[in-house]
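Subject: Structure handover, salt bridges

Hello,

Please read the two together.

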Amino acid sequence: MAIIYGGFDVEFPRMVKVRQRFRSDRIANVRQVILQELDCEEIRGRFRQGQRIAVAVGSRGIASIAEITKTVIDKLKGLGTHPFIIPAMGSHGGANPDGQKEVLMSYGITEATMGAPIEASMEVIQLGTTASGTPVFFSKPAYEADGVVVVNRVKNHTNFRGPVESGLMKMLVIGLGKHKGATYVHKQGFERFAQLIPEVGRAIIERAPITCGLALVENGYHEQMLIRAVTPDKFEATDMELLDIAHAAMPRILFDAIDVLIVEKIGKNISGSGMDPNVTGRFSEPFMMALRPEPRVQKVVVLGLTKESHGNAIGLGSADVTTTSVIAQIDKEKTYANAITSTILRGGAIPMALDNDLQAIAVALKTCNRIEPSEAKVVRIRTTANLDEIEISESLLPEAEANDNIEISGQLRPMAFIDDGRLL
């Protein structure tokens with residue numbers, strides 16, 4: 001298919017659906033496993049009847065998070081405690097209580113569905129400083145509770161590398177640090193996160209009433225693969241151990257070099273960065289790009305924003321091209337609050353915006369170097385969290401056919417657009 005746009009001809013490549021294979025072992029009964037983990041004597045013995053227990057949840061995109069949270073609440077009630085939920089999400093949700101409740105609601109977590117109150121206060125207290133002089137901020141409602149249960153997924157972070165990345169320790173420091181704590185740590189720069197997350201996390205464990213953590217690891221199909229309840233003295237070691245497992249299981253695009261990556265939707269429910277740079281190779285930090293991440297992508301096109309993102313378009317600035325319909329969905333207050341807290345203003349930037357999908361893809365194809373549009377290596381994905389079935393262009397077929405973890409599942413066909421220029 002060829003079109004003329006902006007005075008130039010663009011010959012679109014043909015596309016074909018393929019399936020990528022990732023690690024697929026999964027937990028068949030998530031509730032049962034959680035109840036077993038929390039029932040071991042080492043964990044169960046830490047709770048006392050009548051205690052008020054804060055359950056810290058809030059990271060986006062965790063599989064079965066509503067079921068997981070409800071199971072934890074039910075178990076705590078069964079132990080005779082009085083659980084309540086704290087949104088542990090730093091500055092997300094516009095850095096205000098109503099916004100953070102709204103984010104939890106989008107996960108299916110409400111007072112009605114969980115059978116427990118939600119205390120969304122942004123108030124923090126300072127638990128002194130670390131040996132290096134870093135102030136330690138912590139949620140006031142969580143500190144005043146008799147105990148805190150931390151629930152989070154262990155995975156690669158989107159902006160730094162270290163022995164401990166996203167997991168229980170980060171939930172303590174960033175999530176339960178609320179807006180003030182998250183802002184302070186981000187202000188130090190992501191290149192210091194590998195040092196600060198463990199350092200501040202240890203201080204919180206020493207000074208706050210942390211009871212236990214529930215560490216989650218997902219397989220390559222966004223399903224719970226491993227769930228482990230641990231005491232706070234094991235948070236750091238657990239994060240380190242499970243990070244290696246999570247990294248090996250992480251879904252990815254199984255092609256090293258891509259000319260145009262088409263991302264149908266980005267959003268905070270997909271990744272903290274809107275679209276996971278571990279998938280796109282588009283890290284915001286120069287020190288991360290210096291690690292020469294894969295895949296190599298010449299142009300990234302973003303065609304949509306998820307409803308669950310509530311207008312937070314963080315990460316759109318990592319794209320090269322988007323559409324005016326995406327721009328119209330942006331909530332500047334939420335996006336800017338997130339970008340300012342992270343200190344990476346590029347995340348809240350707006351790329352070139354074309355009138356529709358057809359024009360956006362045409363511009364991306366035309367501006368790729370050293371390749372004709374019809375021969376471009378193009379990959380189309382739904383989101384960076386949905387990579388099992390994707391589309392690739394004809395020029396990538398030989399690479400796909402040579403990879404045992406890729407199955408050709410469709411027939412070659414032209415890119416199709418409806419009358420208003422939307423990609424079918």
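Salt bridges

Arg31 and Asp74 form a salt bridge, with their closest N and O atoms 3.1 Å apart. A salt bridge here is a side-chain nitrogen of Lys or Arg within 4 Å of a carboxyl oxygen of Asp or Glu. This pair links distant parts of the chain, 43 residues apart: Arg31 is in helix α1 (residues 30–39) and Asp74 in helix α3 (residues 65–78). Helices (H or I, at least four residues) and strands (E, at least two) are DSSP runs, numbered from the N terminus.

The model is predicted: local features need pLDDT of at least 70 and side-chain atom pairs count only at pLDDT 80 or more, while totals for chains, interfaces and linings use all residues. Residues are numbered from 1 along each chain as its sequence is written, and side-chain values use heavy atoms, leaving out hydrogens and water.

Asp74 also forms a salt bridge with Lys70, at 2.8 Å between the closest N and O atoms. These two are four residues apart in helix α3, so about one helical turn separates them. Arg31 is partly exposed at 32% relative accessibility, as are Asp74 at 23% and Lys70 at 27%. Partly exposed lies between buried (under 20% relative accessible area) and exposed (over 50%), using a 1.4 Å probe and protein chains only.

Arg380 and Glu391 meet in a salt bridge of 3.5 Å, N to O. Arg380 lies in strand β15 (residues 378–381) and Glu391 in strand β16 (residues 389–393), so the pair ties together parts 11 residues apart in sequence. Arg380 is buried at 10%, and Glu391 is buried at 9%.

In total, the structure holds 24 salt bridges.

Regards
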